[in-house]
Amino acid sequence: MFNEPDRSSVLSQRDLRVVRPVLRRAHRRSRRLFACELTYEDFEGETLLRALRRLSRMEHRAEPTKLKQVIENTVLEDVFLAIACDRNAAEAWQTLVAHVRPTLCQRAMRLGVVRAEAEELSDEVISSLAAAGLAGRSLLARYEGAGTLVGWLTVILSRRLADRRRREARARTMQAPLRSAAGEASRLVGPLDQASESELLLSWRRKLQSAWRGLTAKESLVLGLRFRDGLALREIAGRLGIGMPRISRILRNATDKVRQSLSRLGDSVPLSEQARHRLAEALHTQMQTPLESSSTSPEEAE
């Protein structure tokens with residue numbers, strides 16, 4: 001959140017005379033560069049508001065020389081494009097995509113992701129810009145031009161990538177106990193013929209389904225949010241309106257129920273290495289199916 005300074009109360013006509021030549025040149029240059037319509041009045045007003053926000057954070061008064069320095073150190077063409085998008089000017093969003101997406105994809109790949117994920121992340125970041133923020137404005141209203149627009153978006157992209165990697169790590173952590181249970185159980189049995197292995201796999205699937213049916217609505221919901229969606233306990237607690245200690249207990253109880261059910265194999269002989277792999281694969285696939293098909297809402301879980 002930010003507070004918009006009152007431009008009329010802090011800027012005099014002398015201030016405007018100092019900065020207007022710079023702004024008028026930038027406006028003409030930007031219209032030629034981006035071919036999207038934005039009136040000079042809108043450009044001037046929004047650019048000055050951004051400059052005043054920066055001056056306010058630097059604890060400088062809006063003196064003409066200070067204001068001019070800030071504006072001269074602003075990437076005015078990118079500010080023009082951000083304002084045009086925020087005002088939904090014709091062709092502005094298409095121009096933005098063409099202007100930033102290629103470079104944004106390249107920078108995402110430098111962060112170590114493959115091209116397909118880089119393109120997905122770039123599109124996700126650009127799409128998020130249209131989301132309504134303060135007072136119904138797009139998130140581009142926050143861009144002040146201290147650096148390039150693509151540089152500002154790269155920071156957002158890198159944070160999203162870090163969040164994604166954390167979710168993936170949490171999901172892997174959640175999978176580990178389940179895979180461990182499968183590994184422990186599979187060591188109890190030995191080489192079987194193909195038909196017997198198929199019967200065992202079917203038996204395991206049934207055990208897993210039975211274990212899932214034995215969970216309460218809240219346990220299945222919490223397990224799904226943690227394992228399927230990779231949410232942190234804090235995020236699950238916030239979403240369900242439940243304290244973190246209770247969420248932790250629910251998750252532990254649900255995981256224990258699944259592990260205990262999968263550990264009750266009865267008498268059997270060891271599986272071959274190939275069969276163990278097939279068993280682990282089948283368990284993982286079966287575990288995903290009920291999670292993804294679960295439609296329990298937070299209200300139903302209460």
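At what angle do helix α2 (residues 13-34) and helix α5 (residues 76-86) pack, and how far apart are their axes? In this predicted model, the two helices pack at an angle of about 65°, and their axes are 9 Å apart. Angles of 65 to 115 degrees count as roughly perpendicular, so α2 is roughly perpendicular to α5. The crossing of α2 past α5 is right-handed. On the α2 side, the contact is made by V22, L23, A26, H27, R29, S30, R31, L33 and F34, and on the α5 side by L76, E77, D78, F80 and L81. By type, the residues of this contact divide into eight nonpolar, two polar and four charged.

**The chain as a whole**

The protein chain has 14 helices and zero strands. Of its 302 residues, 43% are buried. Among the contacts with a separation of 6 or more, 75% are between residues 24 or more positions apart in the chain.

Two packed helices are described by the angle between their axes and the distance between the axes. The table lists these values for the pair above and for two other pairs.

| Helix pair | Angle between axes | Distance between axes |
|---|---|---|
| α2 and α5 | about 65° | 9 Å |
| α5 and α6 | roughly 140° | within 8 Å |
| α6 and α7 | about 140° | 9 Å |

Helix α5 also packs against α6, and the axes of this pair cross at roughly 140°. The two helices are therefore oblique to each other. Here α5 passes α6 in a left-handed crossing. From α5, the residues D78, L81, A84 and C85 meet A92, W93, T95, L96 and H99 of α6. This contact is made up of six nonpolar residues, two polar and one charged.

Helix α6 (residues 92-110) in turn packs against helix α7 (residues 115-128) at an angle of about 140°. That angle makes α6 oblique to α7. The crossing of these two helices is right-handed. In α6, the residues W93, L96, V97, V100, R101, L104, C105, A108 and M109 take part, and they meet R115, A118, E119, S122, D123, V125 and I126 in α7. The residues of the contact of α6 with α7 divide into eleven nonpolar, one polar and four charged.

**Helix α3**

Of the 18 residues of α3, 14 are buried, which means that the helix is largely enclosed by the rest of the structure.

**Residue L140**

L140 lies in the loop between α7 and α8 (149-186). Is L140 buried or exposed? Buried means under 20% relative accessible area, and L140 has 0% relative accessibility, so it counts as buried.

Which residues does L140 touch, leaving out those up to four places away in sequence? They are R50, A82, C85, W93, L96, L129, L149 and W152. Among these, C85 of α5 and both W93 and L96 of α6 are also part of the contact between α5 and α6. L140 and L81 are 59 residues apart in sequence, and their C-alpha atoms are 9.4 Å apart in space.

Definitions and conventions: Residues are numbered from 1 along each chain as its sequence is written. This is a predicted model: local features need pLDDT of at least 70, side-chain atom pairs count only at pLDDT 80 or more; totals for chains, interfaces and linings use all residues. Side-chain values use heavy atoms; hydrogens and water are left out. Axes are lines fitted to C-alpha atoms, for helices over the stretch in contact, and angles run from 0 to 180 degrees between N-to-C directions. Helices (H or I, at least four residues) and strands (E, at least two) are DSSP runs, numbered from the N terminus. Angles under 35 degrees count as roughly parallel, over 145 as roughly antiparallel, 65 to 115 as roughly perpendicular and the rest as oblique. A crossing is left-handed if the near helix is turned anticlockwise from the far one by less than a right angle, and right-handed if clockwise. Contact means heavy atoms within 4.5 Å. Ala, Val, Leu, Ile, Met, Phe, Trp, Tyr, Cys and Pro count as nonpolar, Asp, Glu, Lys and Arg as charged, and the others, Gly among them, as polar. Buried means under 20% relative accessible area, exposed over 50%, partly exposed in between (1.4 Å probe, protein chains only).
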